[in-house]
Amino acid sequence: MCKSACVFKLQDIQEITMTDHSGSCLCGSVSFKVTGEFNGFYLCHCKHCQKDTGSAYAANLFSQSAELVWQSGADTVTCFTLPGTRHNKSFCKLCGSALPSTQIPGLLVVPAGCLDTEISMVPTAHIFLSSKAVWDENSEDVPRLEGLPE
Ligand SMILES: [Zn+2]
Ligand SMILES: [Zn+2]
């Protein structure tokens with residue numbers, strides 16, 4: 001009895017550590033699952049990603065083989081492609097949160113921040129540093145607070 005229960009537990013752990021990831025948007029309308037490996041994790045500082053995210057860079061995971069399944073709210077996902085470029089984003093129509101994109105055939109792009117599961121992968125590289133924001137300089141020297149300023 002006890003033995004089989006332990007075996008079940010081990011299998012559960014293996015399944016989780018395998019490569020199942022899940023994520024959702026801020027309002028919770030959209031949720032998804034990703035099965036497979038990520039091949040790259042890039043922090044893109046290009047001007048398009050700055051506009052797109054409203055921040056210093058976009059943090060995206062890339063996979064050529066992983067599978068994406070929308071678990072809820074698939075019809076609430078919309079996407080935008082910047083004309084004349086490959087720059088695109090998927091997002092929730094209701095809350096605007098970034099969501100996985102399959103706009104480029106054979107390539108799944110998952111914004112790291114929309115995942116609810118932890119990823120063991122560390123970023124592969126910062127890219128397009130040539131166009132990084134002027135305020136995105138020496139950020140390691142900026143005071144670090146665990147919460148709001150006093
Ligand atoms: Zn949403
Ligand atoms: Zn970019």
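**Notebook: cores, strands and one exposed alanine**

I began with the nonpolar cores, and the largest one has 15 residues. Within this core, the residues with the most contacts are Cys-25, Val-30, Cys-92, Leu-99 and Val-110. I kept in mind that I was looking at a predicted model.

I then picked Leu-99 and looked up its contacts, leaving aside neighbours within four places in sequence. I found Cys-25, Val-30, Val-77, Ser-90, Phe-91, Cys-92 and Cys-114 on the list.

I also noted another core, lying apart from the largest one and made of five residues. Tyr-42, Cys-49, Tyr-57 and Ala-58 are among them.

**Entry on β9**

Which way do the residues of β9 point? Leu-108 and Val-110 point one way, while Val-109 and Pro-111 point the other way. I saw that all four are buried.

I looked for a partner of β9 and found strand β4 (residues 58-63). The two pair in the antiparallel sense, over four bridges. One pair I wrote down is Asn-60, whose bridge partner in β9 is Pro-111.

**Entry on the open sheet**

I moved on to an open sheet of three strands, in the order β1-β2-β5 and with antiparallel pairing. Its edge strands are β1 (20-24) and β5 (67-72), and each of them pairs on one side only. From one strand to the next, the twist averages 20 degrees.

How many bridges join β1 to β2? I found five, with β2 covering residues 31-35 and the two strands running antiparallel. Here I noted His-21, which has Val-34 in β2 as its bridge partner.

**Entry on Ala-133**

My last stop was Ala-133, in the segment after β10 (125-127). Is Ala-133 buried or exposed? It is exposed, because 12 other C-beta atoms lie within 10 Å, and a residue counts as exposed at 12 or fewer.

I still found contacts for Ala-133: not counting residues up to four places away in sequence, it touches Gln-50 and Ala-56. I also looked up Ala-133 and Cys-46, which are 87 residues apart in sequence. In space, they are 8.7 Å apart, C-alpha to C-alpha.

Terms used:
Residues are numbered from 1 along each chain as its sequence is written. Chains are lettered from A and ligands numbered from 1 in the order in which they are written. This is a predicted model: local features need pLDDT of at least 70, side-chain atom pairs count only at pLDDT 80 or more; totals for chains, interfaces and linings use all residues. Two strands pair if DSSP finds at least two bridges between them. Axes are lines fitted to C-alpha atoms, for helices over the stretch in contact, and angles run from 0 to 180 degrees between N-to-C directions. A nonpolar core is a set of buried Ala, Val, Leu, Ile, Met, Phe, Trp, Tyr and Cys residues joined through C-beta atoms within 7 Å. A residue is buried if 20 or more other C-beta atoms lie within 10 Å of its own, exposed if 12 or fewer, and partly exposed in between; C-beta atoms are placed from the backbone. Two residues are in contact if their C-beta atoms, placed from the backbone, lie within 7 Å.
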